[in-house]
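Dear colleague,

The notes after it describe what was found.

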Amino acid sequence: MSDTPEPASGVKADLETLVSLAKRRGFVFPSAEIYGGFAAAYDYGPLGTQMRRNIRDLWWRAMVQERDDIVGIEAAIITNPEVWVASGHVSNFTDPLVECRECQGRFRADHLEDDVCPNCGKRGTMGTPRQFNMMLSTIVGPVSDESGRAYMRPETAQGMFVNFDNVQTTTRKRLPFGIAQQGKSFRNEITVKQFIFRTREFEQMEMEYFCHPDESLALHTYWKKERLRWHMSLGIRREHLRLRDHDREELSHYSQATSDVEFHYPWGWGELEGIAHRGDFDLTSHSQHSGKKLTYLDPETNQHIVPHVVEPALGLDREMLTILFDAYDEDEIGGEKRVVLHLSPDVAPVTVAVLPLSKKDTLEPTAREVSSMLRKQFRVQYDDTQSIGRRYRRQDEIGTPLCVTVDFDSLEDHAVTIRERDTTEQIRVPIAGLVDAVTERLDALRPVVPSHDEIEV
Ligand code: ATP
């Protein structure tokens, strides 16, 4: 274990509290709720959708846009099934499944703490574990027989391996370079509790970093630090994160090193992101199965080599849940309890709320003008319902960093009040300078992230 500080403080919400907030405020709904839902499937509401888009964009920005050595692709979800034979998923993508002889409940054997059935509570009723394949499959084409059998991808990674040659020859990238991808993946998970932590349909953000074998271990360390920094840049507190190196028994046979970025969830430390050293396993395997050469011609030595790969692999849904846990807080303002999400301005679904103090028509034109001015640069919500106090609380609960209040004085002095979520401090600023004032305040709220060298692993 390389870097495992115990958390200075635990998260403040339990799972139930978060599920309820997510539903009440429109982050996450049970899927097809009017039909009674569907096990472990969720639909994202307006706020959740925006928050996911923000996280997705921040990942893309850090992994692709700001770097010269990584390019993005979007591969098909349902592709040639041979891909999954070569990758080992058809034969090996399994989890150990046990069935309770008493209630026929099915569980992942490695998730059980003792021999008590989590469903019926009986002891010693568990059968022998058997390997259960987690691939979700479908039939493609007009003939409904096995010849059309295809798989929903269980990870985005393989789309990048099978396109290695296409990408390398079209971009002429030299090692080390990466291919990044974001998109849905599907796994027929055996146990799916804990909300959007583990679902059967989820979104992944993965990057395959191809490098010379000699550099691969150093680059694995490099990516552990970079990924930890990225989670911190989204506001997750360092003391709630740790890096855990897999021990020898946990490592895949082809991996020289794998580390997980873990978060301290209410149920204990759990994987947020995996950072695997995959060696040359995937390129070699696809090369053997397809008969196509997947090598890199080293321009210095003029030799063909099979690059090694370091892979940071993250789930978008899990990142969102983690940020919500970390940001959740309850405090007291003016003797009243308040729920507040301390979301970073880049992650928050709404960055500025515009609130006319009263619903009177006289304030509306100015408030609407302020709102359209801000909308050009920020994610704005206009709210003129209920008392101002309730509206502030509502914005606090969804993590809006700033509220701008338009009052009757605004019509005279052409100024508005900015109210800050975390301190509830208020300042008066001229409407003409509002965009700059908001920009400045948001900048001050962004997390301060240590440099790469300051991170210890
Ligand atoms: P676990 O041990 O939790 O099943 P894993 O090690 O199989 O995860 P990977 O295959 O390394 O996960 O996937 C990379 C990342 O994708 C995980 O760290 C997680 O963030 C996300 N992920 C994997 N499976 C799921 C799932 N069923 N639901 C949501 N996110 C997932």
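Strands S10 and S16 pair in the antiparallel sense over six bridges, where helices (H or I, at least four residues) and strands (E, at least two) are DSSP runs numbered from the N terminus, and two strands pair if DSSP finds at least two bridges between them. Please bear in mind that this is a predicted model, in which local features need pLDDT of at least 70 and side-chain atom pairs count only at pLDDT 80 or more, while totals for chains, interfaces and linings use all residues. Residues are numbered from 1 along each chain as its sequence is written, and side-chain values use heavy atoms, with hydrogens and water left out.

The ligand is surrounded by 16 residues, of which the closest are Glu189, Arg198, Thr199, Glu271 and Leu272; a residue counts as near if one of its heavy atoms lies within 4 Å. Among the polar contacts (pairs of N or O atoms within 3.5 Å; within protein, one must be able to donate a hydrogen and the other to accept it, and residues adjacent in sequence count only if both atoms are side-chain atoms), a polar side-chain atom of glutamate 271 lies 2.6 Å from an oxygen atom of the ligand, and a polar backbone atom of leucine 272 is 2.8 Å from a ligand oxygen atom. For arginine 318, a polar side-chain atom lies 3.3 Å from an oxygen atom of the ligand. Strands S10 (201-211), S13 (268-279) and S16 (308-315) are the elements that give two or more residues to this shell, and S13 provides the largest share, four residues.

Elsewhere, an open sheet of three strands runs in the order S5-S4-S6 with antiparallel pairing. Strands S5 (106-108) and S6 (130-133) stand at its edges with a single partner strand each, so one side of each is left without a neighbour in the sheet. Strand S4 (residues 94-99) pairs with S6 over four bridges, and proline 96 stands opposite glutamine 131 in S6.

With kind regards
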